[in-house]
Amino acid sequence: MTTKSKNYTSTTNACKLCTPLGAAMAFRGVEDSIPFLHGSQGCATYMRRYVISHFREPVDIASSALGEKHAIYGGAPNLKKGILNVMKKYEPKVIGIATTCLTETIGDDVPMYLHEFHKEFGDLDLPDIVQVSTPSYNGTHVDGWHGAVRSMVEQLCTEKAEDDGHINILPNMVSCEDVRHLFDICEDFGIKATILPDISETLDGPALEDYMKIPVGGTPVADIKKMSGAAATIELGRCVPDKSGGASLAERFGVANHRIGLPMGLRESDIFFETLEAVSGKTMPARYERERGRLIDAYVDGHKYVFGKRAVVYGEEDLVTGLCAFLAEIGVDVILAGSGSKKKGMAEAVTAVTEGVGRTTPEIHEGVDFHDIAERAGELKPDLLIGHSKGYRYAKEWNVPLIRVGFPVHDRFGGQRIPTLGYRGTQHLFDRVVNAMLEKKQADSPVGYGYM
């Protein structure tokens, strides 16, 4: 007797990106690191194009450049040769190797290949090599990000370091501006923080006279190796996988892991600052009390413009959850929350952050094609969309504003500098939402408005 397997459903406009793309971005957030895709050259080219169009920075992603014959004979020779070429050209301290659909399908044993590589070339000054399994048919770009972070923690931080009172922050897939803001907050608290990954400079750096093969910035490898000596880890994201970097540090070295939501909106930001106070033993600086007060004042001032509006939110699962928490606070009814991920607990997370605050319970759509989200959203007649650039065609069709946030933002400038975290990021997001509603009302009026 044979058991029929569930048919795989293909999509034409998935609300997600390739798993190794997320891993490559995470590896990019390590000092002197080069992302390396074990697969075809096309994978690296596609991902470079996507990343560059959002961050507006040159991004090198190496590849083992497998061809047809390697699908039969395996990609070990190309992987080893590719690593040697990267060492010669870039002289990196870290090479982050992510697998692709091709190499996972043919069954390449990358850990064994790397073991052989170290035996064959152990006489050379080898960089640290981190590898992560990232077939795109088994996840999203966010899974690749989290997988790379865990792999870096497990493969670079292998021994118990001396306790030095620092705090680890695993920020999730947030913007460069948000990472910079996290550093500023820790500095104002007087906290030494290791943020992994740190894309604040490597994917949004200054103009330089001379081109650098590897941009300055990123989490220092030495700091990653000392993460086991932290006072605590703060892991941002209610939908982060159970097998995470923070969980690994807790299991192996007893570093307390505080998993909280992305600090978007008043309440989630409160939890973040309260957690910082608890793990550091320090009081929140007065400047953030003032930022919090200004945010509340803005909520009151802008309430009449946004209350009762209907929003569709889409994107990465933790971003969607954070947006739902924020929108519930300001009186916007989230009628649909969609994500390309599935089985990440997004429905439970959204319920947790909106229950008792929001007027409605959002429809949750997980693991869906963007066309499916749009088809249902069109029936619900939203007043605005919030998410990345792929929602533009629908916003135009329905004549509603699109608040661009998340990744990718291809049709606007400065996507890497969009702030969303903390009281300051929430203030910025709230201003954008209110102004989008005002602009829509003004544009729709036959006479317009000069004063609102």
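## Cavities inside the model

Seven cavities of 30 Å³ or more are found in this predicted model. The largest cavity holds about 270 Å³ of space. Its lining is made up of 22 residues, and those nearest the centre are Met173, Val174, Ser175, Gly406 and Phe407.

The lining of the largest cavity counts 11 nonpolar residues, seven polar ones and four charged ones.

## The second largest pocket

Now for a pocket. The second largest pocket takes in about 420 Å³ of space. It is lined by 20 residues, and Pro401, Leu402, Arg404, Arg412 and Glu439 are the closest to its centre. Two or more lining residues come from each of helix H16 (392–398), strand E13 (402–404) and helix H17 (422–444).

H17 supplies the largest share of this lining, five residues. By class, the second largest pocket is lined by 11 nonpolar, three polar and six charged residues.

You will find Ser389 in the loop between strand E12 (384–387) and H16. Ser389 is buried because its relative accessibility is 12%, under the 20% limit. A polar atom of the Ser389 side chain lies 2.9 Å from the backbone nitrogen of His410.

Phe407 itself is among the residues nearest the centre of the largest cavity. Another cis peptide bond runs from Leu196 to Pro197, with omega near -5 degrees. Pro197 belongs to the loop between strand E6 (193–195) and helix H9 (221–225). Most peptide bonds are trans.

Ser269 is part of helix H11 (residues 266–280). Is Ser269 buried or exposed? With a relative accessible area of 0%, Ser269 is buried. Its side chain reaches the backbone oxygen of Gly265 at 2.8 Å.

Setting aside neighbours within four places in sequence, Ser269 is in contact with Pro263, Met264, Gly422, Tyr423 and Thr426. Helix H17, which spans 422–444, also gives residues to the lining of the second largest pocket.

Val59 lies in the loop between H2 and strand E2 (62–63), and it is buried at 3% relative accessibility. From Val59 to Ala24 there are 35 residues in sequence and 9.9 Å in space, C-alpha to C-alpha. Not counting residues up to four places away in sequence, Val59 touches Arg28, Arg48, Val51, Ile52 and Leu203.

Lys81 is in helix H4 (residues 76–90) and is exposed, with a relative accessible area of 56%. Lys81 and Ser64 are separated by 17 residues in sequence and by 7.8 Å in space, C-alpha to C-alpha.

## Two positive phi angles

Most residues other than glycine have a negative phi. Ala65 is not a glycine, yet its phi is positive at about 50 degrees. Ala65 is found in the loop between E2 and helix H3 (70–73), where it is partly exposed, with a relative accessible area of 35%.

Glu91 also has a positive phi, near 50 degrees. It lies in the loop between H4 and strand E3 (94–99) and counts as exposed at 66% relative accessibility.

## Why are there zero disulfides?

A search of the whole structure turns up zero disulfides. What keeps Cys43 from a bond with the closest cysteine sulfur? The sulfur of Cys43 lies 6.7 Å from the closest cysteine sulfur, in Cys18, so it is too far for a bond, given that a disulfide needs sulfur atoms within 2.5 Å. For Cys101, the closest cysteine sulfur is also in Cys18, at 6.3 Å, which is too far for a bond.

Cys43 is partly exposed at 23% relative accessibility. Cys101 also counts as partly exposed, at 31%.

Technical notes
Residues numbered from 1 in each chain as written. Predicted model: local features only at pLDDT ≥ 70, side-chain atom pairs only at ≥ 80, totals over all residues. Heavy atoms only, no water. Buried < 20%, exposed > 50% of the residue type's maximum accessible area, 1.4 Å probe, protein only. 1 Å grid on protein atoms, 1.4 Å probe; cavity = no way out; pocket = protein on both sides within 12 Å on 5 of 7 lines; lining within 4 Å. Points joined across faces, edges and corners; volume = space filled by probe spheres on them. Helix = DSSP H or I, 4+ residues; strand = E, 2+ residues; numbered from the N terminus. Nonpolar A, V, L, I, M, F, W, Y, C, P; charged D, E, K, R; others polar. Polar contact = N/O pair within 3.5 Å; in protein donor to acceptor, adjacent residues only side chain to side chain. Contact = heavy atoms within 4.5 Å.
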